[in-house]
Amino acid sequence: MRKKDNTDYYIHRHSCFLLQYHIVFVTKFRHPVLVNGVRDAVYERIRYVADQRGFHILEINGEPDHVHILLEADTMTSPAELTNVLKTQTARRARKLYGDTTLKKYYWKPYFWSDSYFISSVSENSLKVIQQYIKNQGIK
């Protein structure tokens, strides 16, 4: 997915669009597991999935019990599907790498994320505010 020169929009043969979403995932039972290697593995997998699917990550950050993602998506992927893919891929990766160590203390079943999530569309007027909010996550 590439933007056309001199425009903020993605232009395909029969469409012109800009879909930006603010997504928040919360760890199951809000356990503070997004630290050190687990956090890095989750963020790396989010970037990998985005790259594979042609999404553009604008910002990613969070705290030990949740992650915020600001991204641009295509028109072919529904917000629910996007969320499902990101949660599934990151949970599998985290459990594979840390299921027997860091996560074992918190999750004895194959859990990682809460079933719920937050997603909202982002407007041109709110983009910078949300981007700054996500950058400031974890800063006290």
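**View 1. Val-33 in the loop between E3 and H1.** Val-33 lies in the loop between strand E3 and helix H1; helices (H or I, at least four residues) and strands (E, at least two) are DSSP runs, numbered from the N terminus. The model is a predicted one, in which local features need pLDDT of at least 70 and side-chain atom pairs count only at pLDDT 80 or more, while totals for chains, interfaces and linings use all residues. Residues are numbered from 1 along each chain as its sequence is written, and side-chain values use heavy atoms, with hydrogens and water left out. Val-33 is buried, at 1% relative accessibility (buried means under 20% relative accessible area, exposed over 50%, partly exposed in between; 1.4 Å probe, protein chains only). Leaving aside residues up to four places away in sequence, Val-33 touches Thr-27, Val-38, Pro-64, Leu-103, Tyr-106, Tyr-107 and Phe-112, where contact means heavy atoms within 4.5 Å. The C-alpha atoms of Val-33 and Glu-124 are separated by 33 Å, and the two residues are 91 apart along the chain.

**View 2. Salt bridge between Arg-30 and Asp-65.** The side chains of Arg-30 and Asp-65 form a salt bridge with an N to O distance of 2.9 Å (a side-chain nitrogen of Lys or Arg within 4 Å of a carboxyl oxygen of Asp or Glu). Arg-30 lies in the loop between strand E3 (19–27) and H1, and Asp-65 in the loop between strand E4 (56–63) and strand E5 (66–73), so the pair ties together parts that are 35 residues apart in sequence. Arg-30 is partly exposed, with a relative accessible area of 45%, whereas Asp-65 is buried at 16%.

**View 3. Salt bridge between Arg-53 and Glu-81.** In this salt bridge the closest N and O atoms of Arg-53 and Glu-81 are 3.3 Å apart. Arg-53 belongs to helix H1 and Glu-81 to helix H2, and the pair links parts of the chain 28 residues apart. Arg-53 is partly exposed at 36% relative accessibility, and Glu-81 is partly exposed at 35%. The count of salt bridges comes to 2.

**View 4. Packing of H1 and H2.** Helix H1 (residues 36–53) and helix H2 (residues 79–98) pack at an angle of about 140 degrees, their axes 9 Å apart. Axes are lines fitted to C-alpha atoms, for helices over the stretch in contact, and angles run from 0 to 180 degrees between N-to-C directions. H1 is therefore oblique to H2 (angles under 35 degrees count as roughly parallel, over 145 as roughly antiparallel, 65 to 115 as roughly perpendicular and the rest as oblique). Residues making the contact include Val-38, Ala-41 and Val-49 of H1 and Val-85, Leu-86 and Leu-97 of H2.
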